[in-house]
Amino acid sequence: MRDWIPARRPALVLAPMQDVTDLAFMRVIARRGAPDWFVTEYFRVHPGSALRRDILRSITENQTGRPVVAQLIGGELAELTRTARALSAHPVAGIDLNLGCPAPVVCRKHAGGGLLRDPDAIDHLLGGLRDAIDGTFTVKTRVGHGDKREFARLLDVFRRHAIDGLTVHARTVADGYRTPVHDDCVRLAVEAMPCPVVANGNGVDVRTARSLLARTGAAGLMIGRGAIRNPWIFAQIAAEHDGSSAPEPTHRDLLEHIGELYDEVARETPRFVERSHVQRMKRTLVYLAHGLAGGAFEHQIRRAERAADFFAICRRHLDHQTPLPALPPADSPIFRGFDALLGDPPLPDRAETTTFPGF
Ligand SMILES: Cc1cc2nc3c(=O)[nH]c(=O)nc-3n(C[C@H](O)[C@H](O)[C@H](O)COP(=O)(O)O)c2cc1C
């Protein structure tokens with residue numbers, strides 16, 4: 001993973017998101033300004049599980065020129081190592097273990113975020129996986145199950161296993177997506193871990209990205225929902241570091257992006273059904289339309305069923321050259337707590353304060 005981190009700025013990573021960050025999405029976002037690497041949606045691992053073909057395609061047909069790490073979710077060592085070995089036959093850049101998914105159905109099975117209740121089980125899994133994986137092995141975690149004070153114990157476990165990278169979604173499982181991020185926990189990880197640490201949570205624009213990096217000293221930043229909402233975000237953050245000119249997308253650019261995403265996702269859909277495809281696109285539009293046109297766009301798009309309605313609504317609200325707002329609405333129910341990254345203490349100049357572990 002160290003090899004993928006640019007020398008002159010923190011790494012930028014697209015977060016894995018089920019039913020969103022597939023082959024088509026990665027291809028389109030790479031055209032707007034690629035992250036330094038990608039992580040697939042998780043492969044569910046259980047006895048008898050096979051590699052899901054559509055997720056596998058985001059690895060085997062990756063033409064972005066950027067590494068793709070395969071993420072696994074599961075709680076049984078033998079099954080996880082079997083799957084990691086099966087994946088090694090494909091051009092995966094590494095294996096990532098999910099320790100953060102809060103879905104009750106996953107947690108009940110002692111997987112994802114559910115494992116955070118059991119550090120000894122994590123210890124066992126990381127030891128076995130580290131032995132089984134020759135290449136890059138990383139972990140993506142939340143900062144605890146019910147309380148962020150659990151994180152120190154978890155870091156003790158992570159430190160024992162020579163993992164190649166740690167991504168910290170700086171919330172507990174109990175926090176869901178409702179709280180500001182616990183940036184103090186990411187800083188703790190940066191101080192404790194010998195490997196690069198990637199901060200994750202509520203990076204929604206250049207300022208919040210800069211703030212999270214400055215507060216944590218992380219070697220990289222992973223962005224999820226903020227990159228659905230603003231697919232130019234990686235290019236904008238990279239431009240700030242390079243001192244080059246950043247993209248300033250307009251509403252019409254977003255209209256084009258939606259059209260392209262619609263076509264690319266359709267191209268990869270084995271049996272295209274117009275109404276299902278519109279439903280699929282609406283899940284992405286929850287983020288893309290959020291807060292635009294005073295809320296009228298997202299309200300109207302929810303009712304679209306056919307492609308013609310879908311695009312008529314998009315054109316009604318987006319076919320003009322006004323620049324897109326940098327931030328979501330302040331009281332956003334989707335990006336809760338992002339404004340905490342903009343507030344006190346005043347943002348220090350990240351160049352003066354950030355240290356990069358491992359450089
Ligand atoms: C729709 C959706 C699907 C997600 N799927 C995954 C997943 O497959 N694996 C994972 O580790 N995290 C998953 N996440 C969590 C994100 O990777 C990320 O940790 C979280 O959204 C916080 O980052 P953000 O504030 O930049 O969005 C998902 C999040 C969303 C919103």
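**Ligand shell, barrel and helix packing**

By class, the shell around the ligand comprises seven nonpolar, 11 polar and three charged residues. The model discussed here is a predicted one. In this model, 21 residues surround the ligand, and the closest are Ala15, Pro16, Met17, Gly224 and Arg225. Two elements, strand S2 (37-44) and helix H9 (225-229), each give two or more residues to this shell.

We can turn next to the sheet. Eight strands close into a barrel, running in the order S1-S2-S3-S4-S5-S6-S7-S8, and their pairing is parallel. From one strand to the next, the twist averages 25 degrees. In general, strands of a sheet pair through backbone hydrogen bonds, in either a parallel or an antiparallel sense.

Two helix pairs round out the picture. Helix H3 (residues 77-87) packs against helix H5 (residues 119-132) at an angle of about 30 degrees, and their axes lie 10 Å apart. Because angles under 35 degrees count as roughly parallel, H3 and H5 are therefore roughly parallel to each other. Their crossing is right-handed. On the H3 side, the contact is made by Leu77, Leu80, Thr81, Ala84 and Arg85, while H5 brings His124, Leu125, Gly128, Leu129 and Ala132. These contact residues of H3 and H5 divide into six nonpolar, three polar and one charged.

The second pair joins helix H11 (residues 251-267) and helix H12 (residues 274-288), which pack at an angle of about 145 degrees with their axes 11 Å apart. The crossing of H11 and H12 is likewise right-handed. Here H11 supplies Leu254, Ile258, Leu261, Tyr262, Val265 and Ala266 to the contact, and H12 supplies His277, Arg280, Met281, Thr284 and Leu288. By class, the contact of H11 with H12 holds eight nonpolar, two polar and one charged residues.

Methods
Residues numbered from 1 in each chain as written. Predicted model: local features only at pLDDT ≥ 70, side-chain atom pairs only at ≥ 80, totals over all residues. Axes fitted to C-alpha atoms, helices over the stretch in contact; angles between N-to-C directions. Helix = DSSP H or I, 4+ residues; strand = E, 2+ residues; numbered from the N terminus. Parallel < 35°, antiparallel > 145°, perpendicular 65-115°, else oblique. Left-handed = near helix turned anticlockwise from the far one by under 90°. Contact = placed C-beta atoms within 7 Å. Nonpolar A, V, L, I, M, F, W, Y, C, P; charged D, E, K, R; others polar. Near = placed C-beta within 6 Å. Pairing = 2+ DSSP bridges.
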